[in-house]
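User: I would like to go through this entry and check each label against its definition. Please give the value, the cut-off and the conclusion.

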Amino acid sequence: MSDQTAKTAVVPATHAAPPAKFSHGVRKGNILQVAGQVGFLPAVPGEAPTVAGPTLREQTLQTLANVKSVLEAGGASWDDVMMLRVYLTDVAHFAEMNEIYNTYFDEQNLKDAPAARTTVYVGLPAGLLIEIDALAVLG
């Protein structure tokens, strides 16, 4: 298999090992899929993952930082992201998340915003309010 078609796991140094057999990101050629990220603070060896805080703002900003970390470890940036999928645990969080999201991406100075979708998903572990995954195409 050539380097262009090899599938490579992407694991940032700041991330704990996933709780099941999956990668935080996978790159194949110029495509990078970032697995769903949540608002865990950077990993501390030997300690359980710690949620960034109880608020949607804290968790959203940390989740975006975690997605960015996987993108960068895979050789990508926000400008390479084609699609973001946001999963919230409460429909009442839509407006606040959109405000946080818009401010965050304004600060990133993107040429064009990625496509995005947001849905409510109630299957996240207790205490987690948001999950975000991303699809990037490099080049």
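User: Which residue of β3 stands opposite R27?

Analyst: L32 in β3 stands opposite R27. This is a predicted model, in which local features need pLDDT of at least 70 and side-chain atom pairs count only at pLDDT 80 or more, while totals for chains, interfaces and linings use all residues. Residues are numbered from 1 along each chain as its sequence is written, and side-chain values use heavy atoms, with hydrogens and water left out.

User: What makes β2 and β3 a pair?

Analyst: Strands pair if DSSP finds at least two bridges between them. β2 and β3 have four bridges, in the antiparallel sense, so they meet the definition. The strands themselves are DSSP runs of E with at least two residues, and helices are runs of H or I with at least four, numbered from the N terminus. The hairpin of β2 and β3 has two residues between the strands, and G29 takes a positive phi near 60° there.

User: How do you know that β6 pairs with β3 and with β4?

Analyst: The bridge counts are again the test. Five bridges join β3 to β6, running antiparallel, and Q33 stands opposite L135 in β6. Strand β4 (residues 81-88) pairs with strand β6 (residues 130-137) over seven bridges, also antiparallel. Y87 has E131 of β6 as its bridge partner.

User: Why are β1 and β5 placed at the edges of the sheet?

Analyst: The open sheet has six strands in the order β1-β2-β3-β6-β4-β5, with mixed pairing. β1 (7-10) and β5 (115-120) each have a single partner strand, so one side of each is left without a neighbour in the sheet. On average, neighbouring strands are turned by 15° against each other, direction ignored.

User: Which strands does α1 touch?

Analyst: α1 packs on the sheet and touches β1, β2 (25-28), β3 (31-37), β4 and β6. Contact means heavy atoms within 4.5 Å. The direction of α1 makes about 25° with that of β6.

User: Why is α1 called oblique to α2?

Analyst: Helix α1 (residues 56-73) and helix α2 (residues 94-107) pack at about 45°, with axes 10 Å apart. That angle makes α1 oblique to α2: under 35 degrees would be roughly parallel, 65 to 115 roughly perpendicular, over 145 roughly antiparallel, and the rest is oblique. The axes are lines fitted to C-alpha atoms, for helices over the stretch in contact, and angles run from 0 to 180 degrees between N-to-C directions.

User: Which residues make that contact?

Analyst: L56, R57, T60, L61, L64 and K68 come from α1, and E96, M97, E99, I100, Y104 and F105 from α2.

User: What makes Q62 and S69 count as buried?

Analyst: Buried means under 20% relative accessible area, exposed means over 50%, and partly exposed is in between (1.4 Å probe, protein chains only). Q62, in helix α1, has 15% and therefore counts as buried. S69, also in helix α1, has 18% and is therefore buried. Leaving out residues up to four places away in sequence, Q62 touches G39, F40, L41, P42 and A52.

User: Why is A16 called partly exposed?

Analyst: A16 has a relative accessible area of 32%, so it is partly exposed. A16 is found in the loop between β1 and β2. A16 touches H24 and A43, not counting residues up to four places away in sequence. The C-alpha atoms of A16 and A43 are separated by 5.1 Å, although the two residues are 27 residues apart along the chain.
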